[in-house]
Each structure stands twice: as structure tokens, then as C-alpha cells.
Amino acid sequence: MALCVVMEESEGLPTAHIANEREDSRGLFQLNIRAWRDGEWPGAANRPIPPLDPEAAFDPIYNARYALVVYEKWGWEPWSTSETCARIVRSRPESTWTHLFEVEPVW
């Protein structure tokens, strides 16, 4: 599931960055600086996590570790692509891997 979310969010590129009036999402898991800068997902008080470091968000290890902390508090809900990934894994497990690697990786 995590691999699918990464591929859907950033195509596996640790430098992926979407910045517009709604979001400032960075790295593999496209962590949104605006949502996580205070360590709280909007509407999810009482479950704070450490604030997201905007510059470190491009570091793949930091990004994955922070995503794990988010997942442990809220599951896959914070990622809009999680529903797509869940459907892929449930309905076509035999083709999940080919779907994930349609994009040629940039190493």
C-alpha cells in the first residue's frame, strides 16, 4: 500500500513538489507543509505529531519516517490516492506491480 501511495503521489521522485494556493506538498509521500507544519492534521486535534520540517521533507528517509508517523495516527486517510491504491490492491492484485512501475524511475 505504501509503495502504491508513493507511486501515485510522486511517481517515486523524492524531489516531487506541488505548490499552489491550496497545498505545498513535498517528497515521496507528498507531505503537505500547510497541513503538517504544526504537526496536526486539520480537524484531528488531540493527536499531535512533531511539526514537519519543510526542507527535510525532500529527504526520502525523513519523508518516509514522517509518513509512517502520520499513518500510525490517521491511517491512509490523509492521502487522497489511498482509495485508488486500495481498489487496485483489492481488485487486481496480480497487476498491482505493473501498474506501479509504468513510470520509468529516475535514479
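Predicted model: local features only at pLDDT ≥ 70, side-chain atom pairs only at ≥ 80, totals over all residues.
Student: How do you know that the length of α3 fits a helix?

Tutor: Take its 15 residues at 1.5 Å a residue, and α3 should span 21 Å. The end C-alpha atoms are 21 Å apart, so the two values agree.

Student: Why is Asn-63 called buried?

Tutor: Buried means under 20% relative accessible area. Asn-63 comes in at 0%, so the label holds.

Student: What does Asn-63 touch beyond its sequence neighbours?

Tutor: Leaving out residues up to four places away in sequence, Asn-63 touches Arg-26, Gly-27, Leu-28, Phe-29, Leu-31 and Ala-57.

Student: Which other residues of α3 are buried along with Asn-63?

Tutor: Tyr-66, Ala-67, Val-70 and Trp-74. Looking down the axis of α3, the buried residues fall within an arc of 105°, so they line one face. As a rule, an α-helix has 3.6 residues a turn, so residues three or four places apart point the same way.

Student: What covers that buried set?

Tutor: The cover includes β2 (24–26), β3 (31–32) and α2 (33–36).

Student: And which exposed residues sit on the face turned away from the buried side?

Tutor: Ile-61, Arg-65 and Glu-72.

Key. Residues numbered from 1 in each chain as written. Heavy atoms only, no water. Buried < 20%, exposed > 50% of the residue type's maximum accessible area, 1.4 Å probe, protein only. Contact = heavy atoms within 4.5 Å. Helix = DSSP H or I, 4+ residues; strand = E, 2+ residues; numbered from the N terminus. Expected span 1.5 Å × (residues − 1). Arc of directions from axis to C-beta.
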